[in-house]
Amino acid sequence: MSGLWADLADLVLPATCAGCQERRPGLRHGVCPRCIAALGALRPRAVRPTPVPPGLPPCVALGAYADPLRAALLAYKEQGRHGLARPLGALLAEVVAAAVGAARPLAL
């Protein structure tokens, strides 16, 4: 039921999208449909810094720290937009699953 109330509140009181900072109605968890599509298109991939520090274990990232991903992370961390916890948590779960693979046990 809370999703319904959030949707109704967004219709009456449009909020700023955490991804593009545009004021829009119909946000889902604080992100507009365009930014949801951009975030949904990201896929976990192996990344390495240049130069690679000795002993650095394999690293996986969802995408570059830019655009809607960066803006949503900063909105969550610095602006208290905790409604982003669910969508950002789902994206983090994708990265963790890609990093550990299907065969390895994981303890967080």
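Me: How many disulfides does the structure hold?
Reply: Happy to start there. This is a predicted model, where local features need pLDDT of at least 70 and side-chain atom pairs count only at pLDDT 80 or more, while totals for chains, interfaces and linings use all residues. Residues are numbered from 1 along each chain as its sequence is written, and side-chain values use heavy atoms, with hydrogens and water left out. With a disulfide taken as a pair of cysteine sulfur atoms within 2.5 Å, the number in the structure is zero.

Me: Is cysteine 35 buried or exposed, and how far is its sulfur from the closest cysteine sulfur?
Reply: Cysteine 35 is buried, with a relative accessible area of 3%. Its closest cysteine sulfur is in cysteine 32, too far for a bond because the distance is 3.7 Å.

Me: Which residues have the most contacts inside the largest nonpolar core?
Reply: A nonpolar core is a set of buried Ala, Val, Leu, Ile, Met, Phe, Trp, Tyr and Cys residues joined through side-chain atoms within 4.5 Å. The largest has 15 residues, and the most contacts inside it belong to Cys17, Val31 and Leu84.

Me: Which elements give two or more residues to this core?
Reply: Helices here are DSSP runs of H or I with at least four residues, and strands are runs of E with at least two, numbered from the N terminus. On that basis, the elements are α2, α3 (67-79) and α4.

Me: Which residues does leucine 84 touch, not counting residues up to four places away in sequence?
Reply: Contact means heavy atoms within 4.5 Å. By that rule, leucine 84 touches Ala18, His29, Gly30, Val31, Ala72, Ala75 and Tyr76.

Me: What pattern does the protein follow along the sequence?
Reply: The secondary structure comes to four helices and four strands. Read along the sequence, the pattern is α-β-β-α-β-β-α-α.

Me: What share of the residues in the protein is buried?
Reply: The protein has 108 residues. Buried residues make up 23%.

Conventions. Buried means under 20% relative accessible area, exposed over 50%, partly exposed in between (1.4 Å probe, protein chains only).
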